[in-house]
Amino acid sequence: MAEVKKIAVIAGDGIGPEVVAEAEKVLKKTEELFGYQFELEHGLFGGIAIDEKGTPLPQETLDLCKKADAVLLGAVGGPKWDNNSKELRPETGLLGIRKALGLFSNIRPAVVFDCLKDASTLKPEVLEGTDLIVIRELTGGIYFGEKFRRDTENGQEAVDTCVYNVTEVERIVRQGFEVARTRRKKLASVDKANVLETSRLWRETVNRIAPEYPDVEVEHVLVDNCAMQLLRRPSSFDVIVTENMFGDILSDEAAMLTGSIGMLQSASMGEGSFGLYEPVHGSAPDIAGQGIANPIATILSVALMFRLTFGYAEAADVIERAVKNVLDAGHRTGDIAVDKSKSIGTVAMGELIVNAMAR
Ligand code: IPM
Ligand code: MG
């Protein structure tokens, strides 16, 4: 019998519970196929935790995550909490959980499925062969620097500081090199070194470390140029490594290359194998409760968990192959359907994928 793996499951808000339910079916099916054992424990997080516990990140949820081998997260947020004060916003919980669990590295693959080339707003010939990963620094930079307001003679002033120390830069850059090494061995380091001091430290660090990875080809790309090149030559990128805010923006842009954000999985990692896995998409309050959300991003997040945390590569292959087969057979949820009248719902998509899973 395989060792029992503990997974903290945090469904969250909006479509979160709907897509997570399908991912749980996939976990169950892998238990049957491979004899793996998963112990799932559910926790409250985000808007629902604000409503029920008065805080977006209750201590018991954090404890649950710390005890687990991995976390599966749905999505958090919604208009209901948008006007709350900072402490009572779901996003604050998200930043808090990243920091508290030391998840400094956010990995977001953007792969264009051949059968979905037409779902993107970009021309299929530009997208051909696109298969990239954005590695975003997740616990530093302007997101976590000192923030405050002060009164000046010209009225109120707001300050957000961007701080990076060399240790923070080095660990994420190394991860970029390591991941590139397992792929096409190309690393694009994205910064704004023509303007920002933090970016100059970033670039120096990359150049210092690069000789340790002679097999990896490094390209420095300024962030504005990168935004442009992602649309012009997306298939030329392999691994993109960048700081928190740039990574936030570029990973949304990269997501749109694939046509639907409903397809993209992500991992947030620290040192070691522990990871938090979630779809890149948000809680989509506009379609919540209707049973039409695309569960594929969450299901693929399970595959990523298998690869990066548990080392269950064969099971990850099984999930990814099932998703591909279901898509190849023409099944689509509304977000990726060309003919919306033929689209299927969340549960139907989940079941098709589970039934397609075979060793
Ligand atoms: C993301 C989101 C978050 C971020 C928000 C919701 C705080 O945009 O995970 O990319 O900016 O990191
Ligand atoms: Mg974002």
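**The surroundings of ligand 1**

In this predicted model, an N or O atom in the side chain of Asp-248 lies 2.9 Å from an oxygen atom of ligand 1, a polar contact being a pair of N or O atoms within 3.5 Å. The protein buries 71% of the 320 Å² that ligand 1 exposes when taken alone; such accessible areas come from the Shrake-Rupley method with a 1.4 Å probe. Arg-136 also places a polar side-chain atom 2.8 Å from an oxygen atom of the ligand, and for Arg-108 the corresponding distance is 2.9 Å.

Which residues surround ligand 1? They are Glu-91, Leu-94, Arg-98, Arg-108, Arg-136, Tyr-143 and Asp-248, where a residue is near a molecule if one of its heavy atoms lies within 4 Å of it. By class, 5 of the shell residues are charged (Asp, Glu, Lys or Arg), while 2 are nonpolar (Ala, Val, Leu, Ile, Met, Phe, Trp, Tyr, Cys or Pro).

Helix H4, residues 90-100, contributes the most to this shell, with 3 residues; helices are DSSP runs (H or I) of at least four residues, numbered from the N terminus. Domain 1 (1-104 + 264-359) and domain 2 (121-257) each supply at least three residues to the shell, the bounds coming from an automatic or database domain assignment.

Residues are numbered from 1 along each chain as its sequence is written, and chains are lettered from A and ligands numbered from 1 in the order in which they are written. Local features need pLDDT of at least 70, side-chain atom pairs count only at pLDDT 80 or more, and totals for chains, interfaces and linings use all residues, while side-chain values use heavy atoms, with hydrogens and water left out.

Definitions and conventions
A polar contact is a pair of N or O atoms within 3.5 Å; within protein, one must be able to donate a hydrogen and the other to accept it, and residues adjacent in sequence count only if both atoms are side-chain atoms. Helices (H or I, at least four residues) and strands (E, at least two) are DSSP runs, numbered from the N terminus.
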